[in-house]
Amino acid sequence: MALGIIGIVTSLLLLVTLAYRGVPVILAAPLASVVAVVFSGAPILASYTEIFMPAMAGFVGSWFPVFLFGAIFGVLMTITGYAESIARTVTRLVGSRSAIAATIVTSALMTYGGISLFVVAFVMYPLARELFRVADIPRRLIPATIALGIFTFTMTALPGSPQVQNIIPGQFFGTGPFAGAGIGLVGGALIFGLGLLWLEYRRTALIRKGESFDSPESALSTGGSSDTDGKQRTATLEPANRVVPFLPLITVFAVNFTCTLFLFPALDWSYLAQEKFGGVAAEERLGLWAVLSGIIAAVLVLVALNLRHLTTLWDGFVDGAKRSMLPIFSTASEVGYGAVVASVAAFAVVRDSVFGLGADALWTSVLSVSITAGLTGSSSGGMTIALNALGDDLRALAAQEDISMEAMHRLTAMAAGGLDTLPHSGAVVTLLIVCGLTHRQSYKDLGVVTLVIPVLVVVALVSLVSVVGSF
């Protein structure tokens, strides 16, 4: 048994190391799985084909529509010029002197509007770069500023977020995307406010030291290709006016909100109990369907507003479909890894140890999800791994302790968005590459706004909910 536990730890360290060194997770996760299997004495081939692959396929089967239409939506928002128009409108409203706030707000609007996180990163960098250049703010702060808008409060805290990180808990706790609204709003405001304060403080401190946009400390790394990428993503269409580009984002929220709170609860879902539908419970799917409906509706609105350019839009559909492949298979590969680890006998000891800490269901959920997300460098992958292994036990324990499932949903989602941005995180590495900067130049500030602040906020909120209950 001790050898099996060593194997689990070694496999996790290998996964972290390989991811940090830039090895694709699609390759790193199976390799790490082999280590865990070898130490446990289980058969390698059977573990791969009968455990790893079914878990991976299950994740793809459940979440592929969200990744697919989310990527298509993001590409269409880019090629229509809507994303850039939104950014420029927000900048005019906030003011070019408030470049940091303008970048955060614009990134947040796009993320909360349903655009894929990675697409937002690519769209926002050229715009943020120009804002920071005009305001003469050190370039090294750009990654942290964009990350605060896309990797934190809009991804996990704000109720109704269409990002997959906000949907996954509902599959285990029977809740919807607007679960724990009060907790989410408070947590989102705290993360946004504290993150903005940190970035403004850092801007002032760096400028006092003599840094500027073109300082050597903020110079582009030799591996960056962001300028070229920015040119390649120049919009091919132009929006009719400043209001039209916001309509697709509003559509995502409006349809999601209406389906979650009014339409879906009024419908009869008893047919889901039939064998051909897998006997699935309605509460396990309605949150996913509400978000998916919102994104598809927004895509249809984009098409309707640009009917004269169907050829260009079709190219966007094709490009979006291609871009959806790597993110979903990378996350699914991590889920397959988690399934293999959970299958070895030593994992039962680890699981029992987690529940043996004596913490309530809320703290247990938050801790297990945080640690797993940190080890895998993925909020969605880490949360899925942890909840696949512990979800049923956590739900039963929460019912015994009379803990609100709404609070469990929101705080578990927020917990996934903390340690997931450790240096080896694929999202962090990608964002730094997009911005043409290095960990040494920018990770300190990125880590503060996406890791330190969210973790502190979650700890404070869990402590508060443990005392006063959900709100």
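Aspartate 402 counts as exposed, at 71% relative accessibility; buried means under 20% relative accessible area, exposed over 50%, and partly exposed in between, with a 1.4 Å probe and protein chains only. The structure is a predicted model, in which local features need pLDDT of at least 70 and side-chain atom pairs count only at pLDDT 80 or more, while totals for chains, interfaces and linings use all residues. Residues are numbered from 1 along each chain as its sequence is written, and side-chain values use heavy atoms, with hydrogens and water left out.

**Exercise 1. Two loop aspartates**

Task: State where aspartate 402 and aspartate 136 are placed, and describe the phi of aspartate 402 and of aspartate 136.

Solution.
- Step 1. Aspartate 402 belongs to the loop between helix H17 (379–400) and helix H18 (405–416); helices (H or I, at least four residues) and strands (E, at least two) are DSSP runs, numbered from the N terminus.
- Step 2. Although aspartate 402 is a residue other than glycine, its phi is positive, near 60°.
- Step 3. Aspartate 136 occupies the loop between helix H6 (117–135) and helix H7 (142–150).
- Step 4. Aspartate 136 is not a glycine either, yet its phi is positive, about 55°.
- Step 5. With 38% relative accessibility, aspartate 136 is partly exposed.

**Exercise 2. The packing of H2 and H14**

Task: Determine how helix H2 and helix H14 are oriented relative to each other and which residues make their contact.

Solution.
- Step 1. Two packed helices are described by the angle between their axes and the distance between the axes.
- Step 2. For H2 (residues 25–40) and H14 (residues 310–343), the angle is about 5° and the axes are 8 Å apart. Axes are lines fitted to C-alpha atoms, for helices over the stretch in contact, and angles run from 0 to 180 degrees between N-to-C directions.
- Step 3. H2 and H14 are therefore roughly parallel to each other, since angles under 35 degrees count as roughly parallel, over 145 as roughly antiparallel, 65 to 115 as roughly perpendicular and the rest as oblique.
- Step 4. H2 contributes Val25, Ile26, Ala29, Pro30, Ala32, Ser33, Ala36 and Val37 to the contact, and H14 contributes Leu326, Phe329, Ser330, Ser333, Glu334, Tyr337, Val340 and Val341; contact means heavy atoms within 4.5 Å.
- Step 5. Sorted by class, this contact has 12 nonpolar, 3 polar and 1 charged residues. Ala, Val, Leu, Ile, Met, Phe, Trp, Tyr, Cys and Pro count as nonpolar, Asp, Glu, Lys and Arg as charged, and the others, Gly among them, as polar.

**Exercise 3. Helix H19 and its ends**

Task: Identify the buried residues of H19, explain their arrangement around the axis, and describe the residues at the helix ends, serine 425 and glycine 436.

Solution.
- Step 1. Within H19 (residues 426–435), the buried residues are Ala427, Val428, Leu431, Leu432, Val434 and Cys435.
- Step 2. These residues lie on the same side of H19 because they cover an arc of only 160° around the axis; the arc is that of the directions from the helix axis to the C-beta atoms.
- Step 3. The N-terminal end of H19 is capped by serine 425, which has a side-chain oxygen 3.2 Å from the backbone nitrogen of alanine 427. A polar contact is a pair of N or O atoms within 3.5 Å; within protein, one must be able to donate a hydrogen and the other to accept it, and residues adjacent in sequence count only if both atoms are side-chain atoms.
- Step 4. After H19 comes glycine 436, with a positive phi near 70°.

**Exercise 4. Threonine 384 and phenylalanine 59**

Task: Describe the surroundings of threonine 384 and phenylalanine 59.

Solution.
- Step 1. Threonine 384 is part of helix H17 and is buried, with a relative accessible area of 5%.
- Step 2. Its side chain reaches the backbone oxygen of serine 380 at 2.8 Å.
- Step 3. Not counting residues up to four places away in sequence, threonine 384 touches Phe59, Ile168, Phe172 and Val335.
- Step 4. Phenylalanine 59 is located in helix H3 and is buried at 4% relative accessibility.
- Step 5. Apart from neighbours within four places in sequence, phenylalanine 59 contacts Phe64, Phe67, Ile328, Thr331, Ala332, Val335 and Thr384.

**Exercise 5. Alanine 290**

Task: Is alanine 290 buried or exposed, and which residues does alanine 290 touch?

Solution.
- Step 1. Alanine 290 sits in helix H13 (residues 286–305) and is buried, at 0% relative accessibility.
- Step 2. Leaving out residues up to four places away in sequence, alanine 290 touches Asn256, Cys259, Thr260 and Phe264.
- Step 3. Between alanine 290 and threonine 258, the separation is 32 residues in sequence and 8.3 Å in space, C-alpha to C-alpha.
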